[in-house]
Amino acid sequence: MQATRPSITFTDYLSSATQVAEQLAADAVTQDREAGLPTAEVEALKQSGLLLLPIPRQYGGAGATWPQVYQAVQALANAQGSVGQLYANHVSLVVAAEAIGRPGQAEYYYRLTAQHNLFWANALNGRDSRLKIAPAPEGGFRVNGVKSFGTGLAVADLSIIGAMPPEGDIPLVFVLPKNRPGWAYNHDWDNMGQRRTASGSYQFDNVVVNDDELIGPPPVPESAFPTLIFLVAQMGKVFTYLGIAEGALKAARSYTKSESRPWMFSGVESASQDPYILHRYGEAWAQLQAAIALADQAAEQIQMGWQKKTALTFAERGEIAVTVAAAKAVAITAGLAITNQIFDGMGARATASRHGFDRYWRDLRTFTLHDPVAYKFRDVGNYVLNGEYPAPSQYT
């Protein structure tokens with residue numbers, strides 16, 4: 001049965017994302033405290049039509065560009081960092097088969113997702129090789145073991161998962177429907193931030209994977225295009241970081257204007273006139289705008305690369321990778337500073353648990369450890385000094 005959903009066009013996609021963000025923000029503090037599964041959040045995304053944003057129009061989607069999609073990610077992360085991460089993952093996963101799939105796989109999954117309004121998640125942690133996949137005597141494959149950092153699998157309709165074959169060190173990637181028997185969530189995600197992402201570990205016991213559920217190999221594997229999907233995913237993280245930082249700054253501004261008091265030696269009557277508070281907000285706003293500008297530049301480059309498809313060269317891909325690395329490093333640096341320093345502008349009473357202002361820093365600090373920021377600056381520096389591009393990988 002086809003799921004009902006509102007239509008979405010180029011003109012209303014950001015408005016829809018903002019409305020969903022406002023809806024989710026109302027329960028953000030309570031949900032952060034309770035953790036648990038993001039069932040309500042995923043349902044809100046389904047009702048909004050945003051799940052279909054990156055799917056080309058000819059297959060039933062909105063056909064949005066990557067800069068448009070990333071703006072939606074940023075808007076959602078304003079409300080909850082967890083939702084930003086879940087949605088950022090979804091938009092890169094739903095298009096993954098176009099970059100790394102066999103002929104016909106992208107079209108099949110585009111149509112399936114648009115028809116049934118499906119939500120995608122993943123367990124692709126390349127540093128966890130405990131999940132194994134092996135050919136089955138009766139045909140197809142069987143999957144056994146544990147996979148960590150399976151963000152959102154527990155609430156997804158379709159998930160992309162990586163498992164190690166008996167020989168070789170390159171994982172096989174496959175699509176897993178939610179109703180496939182033999183796998184279960186271990187309910188072990190209790191981290192300090194991103195608490196509504198269900199990013200814990202998952203157990204697989206003799207799970208069946210059909211031949212046509214393996215993704216790839218792509219028809220032109222020597223092209224740079226298949227590796228572009230890594231950068232598409234990286235930029236989703238960048239705009240999640242920016243959304244969290246932006247949400248923190250907005251929340252702090254509202255509190256400062258309505259609740260904060262000037263320091264006793266300031267000589268002014270309101271916190272919004274205190275020169276040191278003004279300095280703090282001015283610095284934070286400038287840092288955020290600079291980070292957004294660099295991220296927007298990287299998003300445009302992603303769009304350029306995506307449009308080239310298999311004509312994309314490795315030199316062109318390398319230029320994109322450098323800008324993405326720079327955007328990620330700057331977003332992390334600015335975001336952590338902003339989410340920490342907002343308390344200087346709000347004052348001691350803002351640390352009360354009922355406000356939940358600390359969740360912005362906790363979410364950002366948790367999610368930005370996805371890969372070390374020092375290596376992003378190293379990659380950029382290696383390009384600046386030595387003219388070398390980052391080697392394509394899950395992180396670069």
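Helices (H or I, at least four residues) and strands (E, at least two) are DSSP runs, numbered from the N terminus. The structure is a predicted model, in which local features need pLDDT of at least 70 and side-chain atom pairs count only at pLDDT 80 or more, whereas totals for chains, interfaces and linings use all residues. Residues are numbered from 1 along each chain as its sequence is written, and side-chain values use heavy atoms, with hydrogens and water left out.

Helix packing is described by axes, which are lines fitted to C-alpha atoms, for helices over the stretch in contact, with angles that run from 0 to 180 degrees between N-to-C directions. Helix α1 (residues 13–25) packs against helix α4 (residues 66–79) at an angle of about 15°, and their axes are 7 Å apart. The two helices α1 and α4 are therefore roughly parallel to each other; angles under 35 degrees count as roughly parallel, over 145 as roughly antiparallel, 65 to 115 as roughly perpendicular and the rest as oblique. The crossing of α1 past α4 is right-handed, a crossing being left-handed if the near helix is turned anticlockwise from the far one by less than a right angle, and right-handed if clockwise. On the α1 side, Y13, L14, A17, T18, V20, A21, L24 and A25 meet Q68, Q71, A72, A75, L76 and A79 of α4, where contact means heavy atoms within 4.5 Å. This contact of α1 with α4 comprises 11 nonpolar, 3 polar and no charged residues. In this classification Ala, Val, Leu, Ile, Met, Phe, Trp, Tyr, Cys and Pro count as nonpolar, Asp, Glu, Lys and Arg as charged, and the others, Gly among them, as polar.

Helix α4 also packs against α8, at an angle of about 40° and with the axes 7 Å apart. Helices α4 and α8 are therefore oblique to each other, and their crossing is right-handed. From α4, the residues W66, Y70, V73, Q74, A77 and N78 take part, and their partners in α8 include L231, V232, M235, G236 and F239. By class, the contact of α4 with α8 holds 10 nonpolar, 6 polar and 2 charged residues.

A further partner of α8 (residues 225–258) is α5 (residues 81–93), with an angle of about 160° and axes 9 Å apart. That angle makes α5 roughly antiparallel to α8. Helix α5 passes α8 in a right-handed crossing. The contact is formed by G81, G84, Q85, A88, N89 and S92 of α5 with I229, V232, A233, G236, K237, T240 and I244 of α8. Its residues divide into 5 nonpolar, 7 polar and 1 charged.

Grid points are joined across faces, edges and corners, and a volume is the space filled by probe spheres set on the points. The structure contains 3 cavities of 30 Å³ or more. The largest cavity holds about 70 Å³ of space and is lined by A28, D32, Q80, G81, S82, Q194, R195, R196, R359 and D363. Helices α2 (28–34), α5 and α11 (358–367) each supply at least two residues of this lining, which divides into 1 nonpolar, 4 polar and 5 charged residues.

The second largest cavity has a volume of about 60 Å³. Its lining consists of L231, Q234, A321, V324, A325, K328, K376, D379, P390, Y395 and T396. Two or more of these residues come from each of α8, α10 (314–346) and α12 (373–386), and α10 gives the largest share, 4 residues. The lining of the second largest cavity has 6 nonpolar, 2 polar and 3 charged residues.

The second largest pocket has a volume of about 460 Å³. Of its 22 lining residues, R261, P262, W263, I277 and G347 lie nearest the centre. Helix α9 (275–308) and helix α10 each contribute at least two residues to this lining, and the largest share, 5 residues, comes from α9.

Two backbone features lie in loops. A cis peptide bond, with omega of about 5°, joins G216 and P217, and P217 is located in the loop between β7 (202–209) and α8. Residue A198, which is not glycine, has a positive phi near 50° and lies in the loop between β6 (183–185) and β7.

Methods
1 Å grid on protein atoms, 1.4 Å probe; cavity = no way out; pocket = protein on both sides within 12 Å on 5 of 7 lines; lining within 4 Å.
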